[in-house]
Amino acid sequence: MRGTVNVSDIQESFAWFEKLGWNKEWDWGEPPTFGGVCNGSCDIFLCQDGQGSRGGPMPRHPGDDDTGGVWMTWWLASPAEVDAAHARALEHGLTVTWPPTDEPWGVRECHIRHPDGHTFRVSSGIESSEQ
C-alpha cells in the first residue's frame with residue numbers, strides 16, 4: 001500500500017500511526033510538513049495541509065461511508081492480525097468506527113479513523129472452512 005494523506009499536524013500523525021505499530025520513516029522541512037510512515041512493505045506519505053482533503057463528519061451508523069477523507073486498506077496476513085490491530089487501537093484510545101467483522105466478500109476487517117477523518121480499513125482474507 002502506498003498513498004498520501006492530508007494531515008493537520010504531522011507530528012501528531014506520526015504518533016497516531018506509531019500507536020498502531022507503524023514507524024516514522026522520514027520527514028522533510030524545518031519544521032517538517034511532509035514525511036512518511038511504514039509498516040513492513042507498506043508506506044504512507046503524510047502531507048501537512050496539502051495533497052488532498054481531510055475527512056468530514058463521523059460515521060452516523062456502522063457501515064456509513066459518507067464521511068469524506070481518504071479511505072485506505074491496510075492488508076494483513078491473517079484475521080488474527082486484524083483482531084490484534086483492533087485491540088491495539090482500543091488500547092491507545094483510537095477511534096474504531098467498525099469492529100472486526102467477517103464480511104461476505106471473504107475478508108475480516110475493521111475500520112479505524114484517523115483524527116483528520118481518514119478511514120483505514122484493516123483487512124485480511126478469510127480462509128474458507130471448505131478448503
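1. The hairpin of β3 and β4 has two residues between its strands, and G40 takes a positive phi near 65 degrees there. Six bridges join β3 to β4, and the two run antiparallel; in β4, F45 is the bridge partner of G36. Strands here are DSSP runs of E of at least two residues, helices are runs of H or I of at least four residues, and both are numbered from the N terminus. Two strands are taken to pair if DSSP finds at least two bridges between them.

2. The model is predicted: local features need pLDDT of at least 70, side-chain atom pairs count only at pLDDT 80 or more, and totals for chains, interfaces and linings use all residues. Residues are numbered from 1 along each chain as its sequence is written, and side-chain values use heavy atoms, with hydrogens and water left out.

3. β2 and β3 also run antiparallel, joined by five bridges, with D27 opposite G35 in β3. Their hairpin has five residues between the strands, and G29 takes a positive phi near 105 degrees. P31 is placed in this loop, between β2 (23–28) and β3 (34–39). The peptide bond that joins E30 and P31 is cis, with omega about -5 degrees.

4. D49 is not a glycine, yet has a positive phi of about 60 degrees. The residue is in the loop between β4 (42–48) and β5.

5. Overall, the protein has two helices and eight strands, and from the N terminus on the elements run β-α-β-β-β-β-α-β-β-β. The radius of gyration is 15 Å, close to the 14 Å that the globule rule gives for 131 residues, so the protein is as compact as a globular protein of that length. That radius is taken over C-alpha atoms, and the globule rule is 2.2 Å times the number of residues to the power 0.38. Along the principal axes, the C-alpha atoms fill a box of roughly 55 × 30 × 25 Å.

6. Four strands form an open sheet with mixed pairing, in the order β5-β8-β7-β6. β5 (71–75) and β6 (95–102) stand at the edges with a single partner strand each, so one side of each is left without a neighbour in the sheet. The twist averages 20 degrees from one strand to the next. For such angles, axes are lines fitted to C-alpha atoms (for helices, over the stretch in contact), and values run from 0 to 180 degrees between N-to-C directions.

7. Within this sheet, β7 (residues 107–113) and β8 (residues 119–125) run antiparallel and are joined by seven bridges; H111 stands opposite R121 in β8. Five bridges join β6 to β7, again antiparallel, and R113 in β7 is the bridge partner of T95. The hairpin of β6 and β7 has four residues between the strands, with G106 at a positive phi near 90 degrees.

8. Helix α2 (residues 79–91) lies across β5, β6, β7 and β8, at about 20 degrees to β7. Contact means heavy atoms within 4.5 Å.

9. There are two cavities of 30 Å³ or more. A cavity is a set of points, on a 1 Å grid over the protein atoms alone, where a 1.4 Å probe fits but cannot get out; lining residues have an atom within 4 Å of a point. Points are joined across faces, edges and corners, and a volume is the space filled by probe spheres set on them. The second largest cavity has a volume of about 30 Å³ and is lined by W16, F17, L20, W22, W74 and F120. By class this lining has six nonpolar, no polar and no charged residues (nonpolar: Ala, Val, Leu, Ile, Met, Phe, Trp, Tyr, Cys and Pro; charged: Asp, Glu, Lys and Arg; polar: the others, Gly among them).

Key. 1 Å grid on protein atoms, 1.4 Å probe; cavity = no way out; pocket = protein on both sides within 12 Å on 5 of 7 lines; lining within 4 Å.
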